[in-house]
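Hi,

Here is the structure I said I would pass on.

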Amino acid sequence: MCNPLAVVTGISGGLSAIGTAQQIDASNKKAVQDYNYQVETRERNWYQTLSIWGAKKNKYYQDITENDLAAQRGYSQAQVGLNKAYSQAIQDNEKSLINYFQKSGQLSAAGKTGRSIDRINLLDIANLERQAGKRQFALTQSFEAYKANIENIGRKQKSSRNQLFSNVAFAPVPDLAPPPPVTQNANAALFMGLAGAGLSAYGAF
């Protein structure tokens, strides 16, 4: 004769085992979905990071080129300024020399001689030498200013290069991959639950 308590115990245990297996299966699916979402998000973020990194590198190379061109323009302008100073000094020396010879020739043509003329000639030569000395001093100052300007341009160029490089010094590194989901065996849980329910029913019987 069938024991009602055994039947109820077996059915209840079986339903509980099935419910537990379904919960485990749903939990496994949720864990896998969460994992896949994390993997996709990580991949999307990585591609976006690479895109930004590529844009930064392109801008870095453009800025480096512009920095070099700016330095070259500065060097050229400094050289042009120095060349003008030298050219002006040469022209001024030529004018002074021409004026000296013209004045000296006029005195001689006028037939003037003697110590006063010699003294005038000496004073004119001394004046010519003073003017040449002033121009030489001015050229020396111009050359020193040129060198200081060149060094300043070089320092600015190097400083700007270092600052630009700091923006791309470190390449991006992808985040750590999310750990794979830990799932449970729903079939094993169902089997064990049904076996337990059967043993409970048998015991009740």
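Let me start with Glu66, which is partly exposed at 41% relative accessibility (buried means under 20% relative accessible area, exposed over 50%, and partly exposed in between, with a 1.4 Å probe and protein chains only). Glu66 pairs up with Arg73 in a salt bridge, where the closest N and O atoms are 3.0 Å apart; the term stands for a side-chain nitrogen of Lys or Arg within 4 Å of a carboxyl oxygen of Asp or Glu. Arg73 is partly exposed too, with a relative accessible area of 43%.

Before you go further: this is a predicted model, so local features need pLDDT of at least 70 and side-chain atom pairs count only at pLDDT 80 or more, while totals for chains, interfaces and linings use all residues. Residues are numbered from 1 along each chain as its sequence is written, and side-chain values use heavy atoms, with hydrogens and water left out.

Now the overall picture. The protein has three helices and zero strands, running α-α-α from the N terminus on. Helices (H or I, at least four residues) and strands (E, at least two) are DSSP runs, numbered from the N terminus. Of the 205 residues, 17% count as buried. The accessible surface comes to about 15,300 Å², and carbon and sulfur atoms hold 58% of that (Shrake-Rupley method with a 1.4 Å probe; for residues, only the protein chains shown count as cover). Taking contacts with a separation of 6 or more, 93% are between residues 24 or more positions apart, where contact means heavy atoms within 4.5 Å.

Back to the charged pairs. Lys59 is partly exposed at 48% relative accessible area, and Asp63 is partly exposed at 24%.

The other one is Asp92 with Arg135, with the closest N and O atoms 4.0 Å apart. Because Asp92 lies in helix 1 and Arg135 in helix 2 (residues 115-166), this pair ties together parts that are 43 residues apart in sequence. Asp92 is partly exposed, with a relative accessible area of 22%.

On to the inside. The largest nonpolar core is made up of five residues: Trp53, Tyr60, Ile64, Leu164 and Val168. By nonpolar core I mean a set of buried Ala, Val, Leu, Ile, Met, Phe, Trp, Tyr and Cys residues joined through side-chain atoms within 4.5 Å. Helix 1 (residues 4-109) gives the most to this core, with three residues. If you leave aside neighbours within four places in sequence, Ile64 touches Arg161 and Leu164.

Tyr60 also turns up in an aromatic cluster, together with Tyr61 and Phe165. The whole structure has three aromatic pairs (rings of Phe, Tyr and Trp, the last by its six-membered ring, with centres within 6.5 Å; planes under 30 degrees apart count as stacked, over 60 as edge-to-face and the rest as tilted).

Is Gln157 buried or exposed? Gln157 is buried, at 16% relative accessible area. Apart from neighbours within four places in sequence, Gln157 is in contact with Asn67, Asp68, Ala71 and Tyr75.

Cheers
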